[in-house]
Amino acid sequence: NYSTIGGGTTNTASGLYSAVGGGENNVASGDYATIVGGYGNIAGGEYSWAGGRDIQLDANADRTFAWGYGDAPVAISTSDAFIIAPGNIAGVNWNARMGVRDLNPAAALEVNANGTSDHFIFIYEKVGTNDMFVVKSTGYIGVQRTTPFVGTHAMQFGNASNANLTGGGVWTNGSSRDAKENIEP
């Protein structure tokens, strides 16, 4: 019901409100599933998206976006994921790369702050204001930090303990009354 196939050959759009844009041998069987094109793709989860060649999302892969290429099917059953699947082309493995603000990524994940922020990677506690993990454009790394780096430590851990590693490789254990239990005179 309410599904569409835009073109191609031997494509199937059997899920409610599903769509296949084109290509060959693609199946959008999940409700609201989409395949733009390619060959041999399956979007079996609800609200799933598959593209490339032989990317096959089963019925458990709800809300998953997957792209890739392989000479053999790449089976995916993970829900709520964004996946660039590795594949094999003519017997040679290829490794996908993702660039965030980087048009020519050299690594599996390359992030380029490009002068707009001093954070390359920033993972935080959404409810509070704590930085949980930060990699600064200057190379500094912080774990569970809510204050900016002082610039003298390559790595800092926690606000209360202030354990750190200097750029020269000297480790300092943190020491804070707030980080201790059962304190006695």
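Tyr2, Tyr17, Tyr32 and Tyr47 form one aromatic cluster. The model is predicted: local features need pLDDT of at least 70, side-chain atom pairs count only at pLDDT 80 or more, and totals for chains, interfaces and linings use all residues. Residues are numbered from 1 along each chain as its sequence is written, and side-chain values use heavy atoms, with hydrogens and water left out.

**The tyrosine cluster**

A pair of aromatic rings is described by the distance of the centres and the angle of the planes. Rings of Phe, Tyr and Trp (its six-membered ring) pair if their centres lie within 6.5 Å; planes under 30 degrees apart count as stacked, over 60 as edge-to-face and the rest as tilted. The structure holds 5 aromatic pairs. One of them joins tyrosine 17 and tyrosine 32: the ring centres are 5.0 Å apart and the planes stand at 10°, so this pair is stacked. The pair links distant parts of the chain, 15 residues apart. Tyrosine 17 sits in the loop between strand E2 (12-13) and strand E3 (19-20), and tyrosine 32 in the loop between strand E4 (27-28) and strand E5 (34-35). Strands (E, at least two residues) and helices (H or I, at least four) are DSSP runs, numbered from the N terminus.

Tyrosine 32 also forms a stacked pair with tyrosine 47, at 4.6 Å centre to centre and 5° between the planes. Tyrosine 47 lies in the loop between strand E6 (42-43) and E7, so its pairing with tyrosine 32, in the loop between E4 and E5, ties together parts that are 15 residues apart in sequence. Tyrosine 2 is found in the segment before strand E1 (4-5).

How exposed are these tyrosines? The table gives the relative accessible area of each. Buried means under 20%, exposed over 50%, and partly exposed in between (1.4 Å probe, protein chains only).

| Residue | Relative accessible area | Class |
|---|---|---|
| Tyrosine 2 | 64% | exposed |
| Tyrosine 17 | 41% | partly exposed |
| Tyrosine 32 | 38% | partly exposed |
| Tyrosine 47 | 48% | partly exposed |

**Core**

The largest nonpolar core has 16 residues. Such a core is a set of buried Ala, Val, Leu, Ile, Met, Phe, Trp, Tyr and Cys residues joined through side-chain atoms within 4.5 Å. Ile55 and Ile76 have the most contacts inside it. E7 and E8 are the elements that give two or more residues to this core. Leaving aside neighbours within four places in sequence, isoleucine 76 is in contact (heavy atoms within 4.5 Å) with Ile55, Gln56, Leu57, Asp58, Ala61, Ala66, Ile83 and Ala85.

**Salt bridges**

How many salt bridges does the whole structure hold? The search finds 2, a salt bridge being a side-chain nitrogen of Lys or Arg within 4 Å of a carboxyl oxygen of Asp or Glu. Arginine 53 forms one with aspartate 54, the closest N and O atoms being 3.7 Å apart. Arginine 53 is partly exposed at 26% relative accessibility, whereas aspartate 54 is buried at 8%.

Aspartate 80 and arginine 63 meet in a salt bridge of 2.5 Å, N to O. Aspartate 80 lies in the loop between strand E8 (65-76) and strand E9 (82-84), and arginine 63 in the loop between strand E7 (49-57) and E8, so the pair ties together parts that are 17 residues apart in sequence. Arginine 63 is partly exposed, at 44%.

**Further along the chain**

Glutamate 110 is in strand E13 (residues 109-111). Glutamate 110 is partly exposed at 23%. Its C-alpha atom is separated by 4.9 Å from that of glycine 99, 11 residues apart along the chain. Not counting residues up to four places away, glutamate 110 touches Met98, Gly99, Val100, Asp102, Asn104 and Pro105.

Tyrosine 140 has its place in the loop between strand E15 (131-136) and strand E16 (141-145). Tyrosine 140 is partly exposed at 21%. Tyrosine 140 and histidine 153 are 13 residues apart in sequence and 7.1 Å apart in space, C-alpha to C-alpha.

**Whole chain**

The chain has 0 helices and 19 strands. Of its 185 residues, 29% are buried. Residues 24 or more positions apart account for 1% of the contacts with a separation of 6 or more.
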